[in-house]
Amino acid sequence: MISMKKIALIFLLLIFPLIQGCDPNFFYKVNVDEVAIITQNGEIVGKPVKGGLHFKIPFLQEAHLIKAHRVQTVEVYLSGTPEITAKLFWNIQDPIAFFKATTNGDPEKTVEKIIRENIETDLRNLSKIKILEISEAQISDPYYSNKETEKIIHNLQPHIEKFGIKTRILFRKKNA
């Protein structure tokens, strides 16, 4: 016969956490293009976990998946040169910083909004001739950079530093 102490223990260990909305799973899967940040009581535990099938402590730990090994883009249309777009490429360099900075809402949209808000002024200040020159140079060498593109990235850096991301800008003709 099961004693009241055992029933209470079963309730506390199994049923109560389920009622509280905790994750009862022992295992979690991390895809190749992701890393997992493990939290316990809202605090980050350990280093980011790379792809594979992993174990976690059920009810106590939660796995947060981040698409860390993927290049994201933000496309900005230039008002003075409608035939050219500026594409800003970004990817996550520090998954823990990215997780901490984007705990609320959609992380990609948050980063895109901040990038757009902060590069549009620098892009407006570039002359059409400079934009065309950069665009032509980047056709043959996509990694081409000059003082104008470096200034745009430099001015953007303080706004995105907390996200742990790296950026690069590319100008392209719409038909290219």
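**View 1. Asp122, a buried acidic residue without a salt bridge.** Asp122 is buried (under 20% relative accessible area, with exposed meaning over 50% and partly exposed in between, for a 1.4 Å probe and protein chains only), yet it takes part in no salt bridge, and Lys151, the nearest side chain of opposite charge, is 5.0 Å away. A salt bridge requires a side-chain nitrogen of Lys or Arg within 4 Å of a carboxyl oxygen of Asp or Glu. For charge, Lys and Arg count as positive and Asp and Glu as negative, while His and the chain ends are not counted. Asp122 is found in helix H3. Its side chain and that of Asn155 are joined by a polar contact of 3.1 Å; such a contact is a pair of N or O atoms within 3.5 Å, where, within protein, one must be able to donate a hydrogen and the other to accept it, and residues adjacent in sequence count only if both atoms are side-chain atoms. Apart from neighbours within four places in sequence, Asp122 is in contact with Lys151, Ile152 and Asn155, contact meaning heavy atoms within 4.5 Å.

The structure is a predicted model, in which local features need pLDDT of at least 70 and side-chain atom pairs count only at pLDDT 80 or more, whereas totals for chains, interfaces and linings use all residues. Residues are numbered from 1 along each chain as its sequence is written, and side-chain values use heavy atoms, with hydrogens and water left out.

View 2. Helices (H or I, at least four residues) and strands (E, at least two) are DSSP runs numbered from the N terminus. H5 comprises the 14 residues 147-160 and reaches 20 Å from first to last C-alpha, close to the expected 20 Å, a span defined as 1.5 Å times one less than the number of residues. Glu148, Thr149, Ile152, Ile153, Leu156 and Ile160 are the buried residues of H5. They lie on the same side of H5 because they cover an arc of only 130 degrees around the axis, taken from the directions from the helix axis to the C-beta atoms. The face turned away from them carries the exposed residues Lys147, Lys151, His154 and Pro158. The buried residues of H5 pack against strand E7 (84-92), helix H3 (107-125), helix H4 (128-140) and strand E8 (165-173).

**View 3. Helix H4 and its cover.** In H4, the buried residues are Ile131, Ile134, Ser135 and Gln138. Their arc of only 100 degrees around the axis puts them on the same side of H4, and Ile129 and Ser140 are exposed on the other side. E7, H3, H5 and E8 are among the elements that cover the buried residues of H4.

**View 4. Salt bridges at Lys130.** The side chains of Lys130 and Glu133 form a salt bridge (3.7 Å, N to O); both residues lie in helix H4, 3 residues apart, about one turn of the helix. Lys130 also meets Glu148 in a salt bridge (3.8 Å, N to O). Lys130 lies in H4 and Glu148 in H5, so this pair ties together parts that are 18 residues apart in sequence. Glu148 counts as buried at 14% relative accessibility, whereas Lys130 is partly exposed at 28%.
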